[in-house]
Amino acid sequence: MIYEHEIPSGARLYFGKSAKLKRAIEHYASEVLSAEGYEEIVTPYFSYESHQIEGGAGLIRFSGEGNQRLVLRHDSSLDVARLITKRLGRTTAHRRWFYIQPVFRYPAHEIYQIGVEILEQEELAPLLEQALSIVRHFGISPVIQLSDPRIVSFLEKKIGLRKHELTPNALRDHQGIPSWVRELVWGADATIFKEMITTSKLPQELSDLLTPLVMLAEACGGRIEALAYASMAYYNGPFFRLIAGNETLAMGGCYDADEGKAAGFALYLDAMIHVITTEQKDNDAR
């Protein structure tokens, strides 16, 4: 029996303080991003299934007019890039866009995001700085994790292990693994990776991938998680996560759009609201 007050698991309800905080975050982010030269875009809640490259297992599907297969919006990054290049390309040359909208994952999950996408962009540092400025404005000091999925791809080819085997526990069971692989697993501080690069411990291709991460980590105080990879498989260059407690507050990276390179990030509103309200409760209890 389903009672009248119940809502589906994964659905979101905001009221009182949570609604006010959600709106405050959205308003501040829109002001900051507009000042940085971004235009706002709001994409359709649903699209044709054939347009969804990412996340087939997580799509919420239904039939539309003419029995076409439709899906609820699963990801905003690729949607924005596709609509700008394919639908709006003749009416705008703008390449910096932001959005405030939810995505939906099977079976019934709403995930509210504030995101940005920059077409024809390969540099991650400005995006990381923008995401940090919004998060820190609300009193959060996140851990910054940096990586590049090409590192994991290189190691899979180089030493023949799958990505799930590139962990300290899994590597204990493998003999003949180069010592530098184990250092990659354990290392997190930029100085460790910088020393490995300068002393030529690493293959050149790997050093080339790690060098920009070291520079970025030194600039922002981040940690390099060399063997991390994003849940969004379209990231194929440097990416970052902002983490507080057990919550991922933001994730962003570089990827290929229809007409070249692009980069973007998403702030997860529910995670930010949870962290902010938890810290406020802790402060009130002291």
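Modeller: What follows looks at helix α4 and then at the protein around it. The model is predicted. Helix α4 covers residues 149–159. Which of its residues are buried? They are Pro149, Ile151, Val152, Phe154 and Leu155; buried here means under 20% relative accessible area. The partners of these buried residues come from several parts of the chain. Two strands are among them, β7 at residues 143–147 and β9 at residues 235–244. The buried residues of α4 also pack against two helices, α6 (179–186) and α8 (204–220). Just after the helix comes glycine 160, which takes a positive phi of about 75 degrees.

Now the whole. Of the 286 residues in the protein, 49% are buried. Contacts between residues at least 6 apart in sequence can be sorted by separation, and 62% of them join residues at least 24 apart. The C-alpha trace spans about 60 × 55 × 50 Å along its principal axes. The radius of gyration is 21 Å, which agrees with the value near 19 Å that a compact globule of 286 residues would have.

The protein carries 30 positive and 37 negative side chains. The centres of these two sets lie 2 Å apart.

Terms used: Residues numbered from 1 in each chain as written. Predicted model: local features only at pLDDT ≥ 70, side-chain atom pairs only at ≥ 80, totals over all residues. Heavy atoms only, no water. Buried < 20%, exposed > 50% of the residue type's maximum accessible area, 1.4 Å probe, protein only. Helix = DSSP H or I, 4+ residues; strand = E, 2+ residues; numbered from the N terminus. Contact = heavy atoms within 4.5 Å. Rg over C-alpha atoms; globule rule 2.2 N^0.38 Å. Lys, Arg positive; Asp, Glu negative; His and termini not counted. Charge placed at Lys NZ, Arg CZ, Asp CG, Glu CD.
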